[in-house]
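Please follow the explanation below with the sequence and the structure side by side. It begins where the two chains meet and then turns to individual residues.

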Number of protein chains: 2
Amino acid sequence: MNIQAHIDPSQEPSATQRAYLAIRRMILVGELPPGEKLKIEKLRSILDMGGSPIREALTLLVSDQLVERLDQRGFRTAEISPENFAEILRLRCLLEETALRESLRNSDTVWEDRLVLSHHRMMREPRSNVERFEELHKAFHMNLLSASKSPVLLRFCNQLYDLNIRYRYLAGKALNYSKRDIGKEHTDIMNAAVDRDIETACRLLLDHYRTTGAFLEKHFSAELTARTV
Amino acid sequence: MNIQAHIDPSQEPSATQRAYLAIRRMILVGELPPGEKLKIEKLRSILDMGGSPIREALTLLVSDQLVERLDQRGFRTAEISPENFAEILRLRCLLEETALRESLRNSDTVWEDRLVLSHHRMMREPRSNVERFEELHKAFHMNLLSASKSPVLLRFCNQLYDLNIRYRYLAGKALNYSKRDIGKEHTDIMNAAVDRDIETACRLLLDHYRTTGAFLEKHFSAELTARTV
DNA sequence: TATCGAAATAATATCGATATTTTTGACGGA
DNA sequence: TCCGTCAAAAATATCGATATTATTTCGATA
């Protein structure tokens with residue numbers, strides 16, 4: 001989410017902004033599958049606007065690594081691969097741990113309030129409302145890091161989070177997380193964070209990511225072998 | 001450098017490509033100072049093209065964090081600050097070390113040849129040709145990492161490198177690096193890399209960055225206090 | 001039947017014009 | 001003098017049309 005958030009929410013967002021959010025959503029949830037050619041004309045008719053804001057939105061998405069730009073040959077959604085997924089997981093662990101440590105060192109009560117609140121909201125949201133839940137889930141995780149005073153780092157974490165969420169959507173409901181209690185995992189992470197127990201918080205967070213990652217990886221490789229047959 | 005490189009170099013680059021490279025260069029070398037408003041009309045007349053490729057190039061530069069986009073209020077070059085500089089240095093150390101370790105683990109003779117060659121070219125280039133030297137200097141450092149199989153990580157390193165180079169240009173010739181022998185530092189790093197001595201290579205690389213960082217930081221804070229008076 | 005190349009088609013990239021929005025600056029009231 | 005307001009000016013954002021470039025189709029040739 002590179003785009004500057006609106007200060008004044010009453011104001012109508014620009015066409016570019018609308019296009020950016022709409023296309024981004026479509027890619028994340030898988031409505032636009034990986035590797036798909038993104039034709040300006042088609043997007044124009046879907047989003048009902050001129051070509052300029054579409055192109056600009058796509059260019060913004062290039063920075064999020066959700067879209068690839070081929071000079072003179074238009075745009076396509078980023079490809080996926082097990083290697084890419086594994087790299088994202090690795091990088092997330094590296095960067096989020098760094099950010100979490102820094103965040104906890106700088107943490108104050110404002111941060112704590114924000115964290116507790118976002119946790120509460122996430123827990124209350126029914127998992128059935130997938131997109132809404134994912135939004136709150138992301139907010140919770142980003143709030144963990146939010147007391148870090150490293151904007152560039154946070155931007156990377158944010159970006160990696162979105163890249164990862166895409167894989168989660170693509171795996172779809174096939175994933176039922178068997179015996180895990182995701183709610184408890186989150187609560188434990190939050191408690192460790194609120195206690196400012198840096199080591200425990202980091203350990204729990206990374207476990208959380210790695211366990212989910214292992215699930216997804218398994219699912220993903222099954223998918224791929226099924227597909228290539 | 002997000003933009004897809006041309007496969008066929010005989011081909012004329014698109015206007016967007018030209019604009020991207022031109023504006024990027026102007027920002028990096030400081031011709032467009034930090035915080036400067038980037039007026040489409042002005043850039044249009046400088047680069048002699050329509051508004052669309054300019055806007056698209058600026059949007060691409062947003063992803064490089066060299067340009068900020070303010071919805072409905074145009075573009076401006078990214079601000080600089082001591083905090084930003086320090087963060088870039090920290091992140092570079094973290095990410096480049098990770099990338100270097102991976103690169104050395106995966107290294108082969110192709111990588112080694114590329115590295116040696118880029119080192120040679122850099123050493124031969126007179127420091128007086130600043131822009132050309134910086135290009136070769138970047139190539140050398142990126143080649144150190146280039147055997148890493150983590151494209152996202154490499155992209156981050158590349159981006160951070162450019163953000164850092166900008167500070168070097170801004171500090172300008174004021175910097176004469178006193179008693180350091182930069183050439184030797186590079187050669188030592190290369191030798192450790194060629195020896196696949198991961199620990200030494202990492203240590204030397206980070207020292208190299210941190211020493212330069214300390215120089216710049218000193219220069220930079222002097223600049224700022226002078227300016228704010 | 002496979003391959004090459006040229007024409008036809010489709011898509012992208014770019015321009016110039018226009019609609020919106022933000023910024024500026026002058027004016028008058030407190 | 002200090003604000004707030006409103007119109008004028010400037011700049012951005014967007015559109016529709018066109019030029020450019022890539023892709024496909026289709027036949028001719030080997």
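Across the interface of chain A and chain B in this predicted model, six salt bridges are found. One salt bridge between side chains joins A:Glu56 to B:Arg55, with a distance of 2.8 Å from N to O. The residues A:Arg55, A:Arg69, A:Asp71 and B:Glu56 are likewise linked, here in a network of salt bridges. Polar contacts across the interface of chain A and chain B come to 14 residue pairs, counted where both residues have pLDDT 80 or more.

Which helices of chain A supply at least two residues each to the side that touches chain B? They are helix H1 (15–29), helix H3 (51–63), helix H4 (82–106) and helix H7 (151–171). The most is given by H4(A), which provides eight residues of the side of chain A that touches chain B. Sorted by class, that side of chain A has 13 nonpolar, 14 polar and nine charged residues. In total, 36 residues of chain A are in contact with 36 residues of chain B, and the two chains bury about 3,100 Å² between them, of which 57% is on carbon and sulfur atoms.

The relation between the copies can be described next. Two copies of a chain are related by a rotation about an axis and a shift along it.

In chain A, the side chains of A:Arg25 and A:Glu131 meet in a salt bridge with an N to O distance of 2.9 Å. This pair links distant parts of the chain, since A:Arg25 is in helix H1 of chain A and A:Glu131 is in helix H6 of chain A, 106 residues apart.

Another salt bridge brings together the side chains of A:Glu112 and A:Arg196, at 3.0 Å from N to O. Here too the pair links distant parts of the chain, with A:Glu112 in helix H5 (residues 109–124) of chain A and A:Arg196 in the loop between H8 and H9 of chain A, 84 residues apart. A:Glu112 counts as partly exposed at 23% relative accessibility, and A:Arg196 is partly exposed with a relative accessible area of 29%. The loop that holds A:Arg196 runs between helix H8 (182–194) and helix H9 (198–228) of chain A, and the backbone of A:Arg196 has a positive phi of about 60° although this residue is not a glycine.

A positive phi, of about 70°, is also found at B:Gln72, which is not a glycine either. B:Gln72 is placed in the loop between strand S2 (67–69) and strand S3 (75–77) of chain B, and because its relative accessibility is 54%, over the 50% limit, B:Gln72 counts as exposed. Elsewhere in chain B, the side chains of B:Lys42 and B:Glu36 meet in a salt bridge of 3.9 Å from N to O. B:Lys42 is partly exposed with a relative accessible area of 47%, and B:Glu36 is partly exposed with 26%.

Two further residues of chain A remain to be considered. Is A:Asn143 buried or exposed? A:Asn143, which lies in helix H6 (residues 130–145) of chain A, counts as buried because its relative accessibility of 14% is under 20%. Apart from neighbours within four places in sequence, A:Asn143 is in contact with A:Trp111, A:Arg114, A:Leu115 and A:Ser118. A:Pro82, in helix H4 of chain A, is by contrast partly exposed, with a relative accessible area of 28%. Although A:Pro82 and A:Phe220 are 138 residues apart along the chain, their C-alpha atoms are separated by 7.2 Å.

Methods: Residues are numbered from 1 along each chain as its sequence is written. Chains are lettered from A and ligands numbered from 1 in the order in which they are written. Side-chain values use heavy atoms; hydrogens and water are left out. Contact means heavy atoms within 4.5 Å. Buried area is the accessible area (1.4 Å probe) that two parts lose on being put together, summed over both. A salt bridge is a side-chain nitrogen of Lys or Arg within 4 Å of a carboxyl oxygen of Asp or Glu. A polar contact is a pair of N or O atoms within 3.5 Å; within protein, one must be able to donate a hydrogen and the other to accept it, and residues adjacent in sequence count only if both atoms are side-chain atoms. Helices (H or I, at least four residues) and strands (E, at least two) are DSSP runs, numbered from the N terminus. Ala, Val, Leu, Ile, Met, Phe, Trp, Tyr, Cys and Pro count as nonpolar, Asp, Glu, Lys and Arg as charged, and the others, Gly among them, as polar. Buried means under 20% relative accessible area, exposed over 50%, partly exposed in between (1.4 Å probe, protein chains only).
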